Amino acid sequence: MRKQEIGVYSPMIQVTKAKDPLGFYALVISFDCDPKRKDSLILAVREELHKLQKEGVIQEELDKFISEESRKYELQAKSNQFWLSYLKGQWDKKESLDQFLKYPHLLKTIHLKEINKYCHS
C-alpha cells in the first residue's frame with residue numbers, strides 16, 4: 001500500500017489473540033495519513049482485502065513474509081528485553097517456554113496452498 005498510495009505513513013497490520021477469559025482474535029490495520037486522504041485510503045485497504053480473499057496470496061509475498069519473519073526472529077533472539085517479556089508471557093499463560101524456539105521450523109512448514117485455502121474461506 002505504501003508503494004501504491006501517496007500519503008500513507010507507517011502502515012501496520014497486527015494480529016491480536018487471547019485465550020482467556022474469552023477466546024478471540026482480531027486483525028487490526030492502521031496507518032497514519034493526510035486526513036484528506038483518509039477515506040480513499042480506507043477504500044484502498046478494503047479493496048486489497050477483497051483482492052486477497054478473491055485471488056489469494058502469491059508466492060513472492062509469502063517468501064517476503066517468511067524472510068522478514070526470520071530476520072525479526074533473529075533480532076528478537078538477541079534481546080534481553082524480548083526474552084524477559086516472552087518468558088513472563090509464557091509463564092502467565094501457563095504455556096510451554098520453548099514455543100519461540102520452534103518458530104523457525106514452523107515458518108518452513110508454511111505452504112502457499114494452505115494459506116490460500118484460508119483466504120478463500
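A patch consists of residues with over 30% relative accessible area and no salt bridge, in which like charges are joined within 9 Å. A salt bridge is a side-chain nitrogen of Lys or Arg within 4 Å of a carboxyl oxygen of Asp or Glu. The model is predicted: local features need pLDDT of at least 70, side-chain atom pairs count only at pLDDT 80 or more, and totals for chains, interfaces and linings use all residues. Residues are numbered from 1 along each chain as its sequence is written, and side-chain values use heavy atoms, with hydrogens and water left out.

**Negative patch**
- Glu47, Glu48, Glu55, Glu60, Glu61 and Asp63 form a surface patch of negative charge.
- At least two residues of this patch come from each of α1 (38-55) and α2 (59-76); helices are DSSP runs (H or I, at least four residues) numbered from the N terminus.

**Patch members**
- Glu48 belongs to helix α1 and is partly exposed because its relative accessible area is 40%, between the limits for buried (under 20%) and exposed (over 50%), with a 1.4 Å probe and protein chains only.
- Asp63 is located in helix α2 and, at 42% relative accessibility, is also partly exposed.
- The C-alpha atom of Asp63 is separated by 9.8 Å from that of Ile110, although the two residues are 47 residues apart along the chain.

**Gln90**
- Gln90 is part of helix α3 (residues 80-93) and counts as buried because its relative accessibility is 4%.
- A polar atom of the Gln90 side chain lies 2.6 Å from the backbone oxygen of Ser96.

Definitions and conventions: Patches are made of residues with over 30% relative accessible area and no salt bridge: like charges are joined within 9 Å, nonpolar side chains (Val, Leu, Ile, Met, Phe, Trp, Tyr) within 5 Å. Accessible areas come from the Shrake-Rupley method with a 1.4 Å probe; for residues, only the protein chains shown count as cover. Lys and Arg count as positive and Asp and Glu as negative; His and the chain ends are not counted. The place of a charge is taken as NZ of Lys, CZ of Arg, CG of Asp or CD of Glu. A polar contact is a pair of N or O atoms within 3.5 Å; within protein, one must be able to donate a hydrogen and the other to accept it, and residues adjacent in sequence count only if both atoms are side-chain atoms.
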